[in-house]
Amino acid sequence: MHRTPHSSPHVRVMPVLGLLAALLLPLGMTLAPHATAAPAADPVRIMPLGDSITGSPGCWRAVLWNRLAGSGYEDIDFVGTLPPQGCGQAHDGDNEGHGGELVTNVADQNLLPARLASTRPDIVVMHFGTNDVWSSVSPDRILAAYTKLVAQMRASNPDMRILVAQLIPMNPSSCAACAQRVVDFNARIPGWARATGTDRSPVTVVDQWTGFGTATDTYDGVHPNAAGDDKIAARWFPPLAAALDAGLPPGPGGPGDPGGDPAACTARFRAVSSWQGGYQGEVTVTNTSASSVPGWTATVVPANGARLTQLWNGALTTADDGTATVTNAAWNGTLAPSASATFGFVASAPATSGTPAATVTCVAKAPAG
């Protein structure tokens, strides 16, 4: 049987190119360099991190993925060491939601670093601690575990952006005290986040508790049903979209690196006045980075069933669950370092809602490269 001899391109092609160059050079001609296309930007890698609420099957991830895709966010990649687990709709199902896990065990056993090394996320979306609360682990221990996990995330990626949920309500038949334990733990999360976040690696609190009912939004007092999945995805969407809109900070010495901190901001809520059935509030957004920023987006989650009905000094978008996303007006978006902008609003509220309150977060747009 005739066999065509195999030849290496390094042996046969390179001498031909060298010979061609030798023939052309005396004529004053040179070979043009071969043009190569610029490499496509890597997608932003997002890790959904938690327990069975995130991963078994965690269908809020499917809802969130499709909402992001439908809103034009294409260069994203959900990552995790666990595969998709159904949910009846096409989506990127990779995740890090391990059923039954306690966040304190993950921290104590150093389970996260290997998972981070395998997936290399840029953003972590974390709803974690339900099993710890159920097991009567103290808030101090849970928050210490959070702190350790955040340190491990930053060791993996110093520019990690971290979205941390205030847990959805829990009221299983076997744990009468669990409902209040969730309330007590959630109350501690904003203060922890303020102490833990940095300009380079911000920690954003996402209120998954307000407006979520165990009777209507879970099938067992703990795990979300389809209605609960929709609510969870709706709460994740604004801060995650804001983080994606802001862009990932450039690496050290990379293109567009200004030599200072990446764009970052803080948001502060204040109730101006209140009356039965509503109140007037305002939110102050402050640029906490070392560079001027060209714009910002704030998320307002009113407590106790309130909803924003009017807004000034910004543009308002309201989700079905009442979460409000506010982008700057044309004239108050650019903020120098330490500069602030304030927008005001009127909210309607149930007559029995009590003192006005809201969870507010913000993301500043990254300066142009």
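I started with the rings: Tyr146, Phe185 and Trp192 form one aromatic cluster. For pairing, I took rings of Phe, Tyr and Trp (its six-membered ring) with centres within 6.5 Å; planes under 30 degrees apart are stacked, over 60 edge-to-face, and the rest tilted.

A note on the source: this is a predicted model, where local features need pLDDT of at least 70 and side-chain atom pairs pLDDT 80 or more, while totals for chains, interfaces and linings use all residues. Residues are numbered from 1 along each chain as its sequence is written, and side-chain values use heavy atoms, with hydrogens and water left out.

How many aromatic pairs does the structure hold? I found nine. Tyr279 and Phe345 make an edge-to-face pair, 6.1 Å centre to centre with 70 degrees between the planes. Tyr279 is in strand 8 (residues 278-287) and Phe345 in strand 13 (residues 340-348), 66 residues apart. Strands here are DSSP runs (E, at least two residues), as are helices (H or I, at least four), numbered from the N terminus.

Next I looked up Trp296 and Phe343, a stacked pair at 5.9 Å centre to centre and 15 degrees between the planes. Trp296 lies in strand 9 and Phe343 in strand 13, so this pair ties together parts 47 residues apart in sequence. Trp296 is buried at 1% relative accessible area, and Phe343 is buried at 0%. My cut-offs: buried is under 20% relative accessible area, exposed over 50%, partly exposed in between (1.4 Å probe, protein chains only).

Then I turned to strand 5 (residues 161-166), where six of six residues are buried. Which way do they point? Arg161, Leu163 and Ala165 point one way, and Ile162, Val164 and Gln166 the other. In a regular strand, side chains alternate between the two faces of the sheet.

I checked the neighbours too. Strand 5 pairs in the parallel sense with strand 4 (residues 123-127) over four bridges, and Ile123 has Arg161 as its bridge partner. Five bridges join strand 5 to strand 6 (residues 203-207), also parallel, with Leu163 opposite Thr204. Pairing needs at least two DSSP bridges between the strands.
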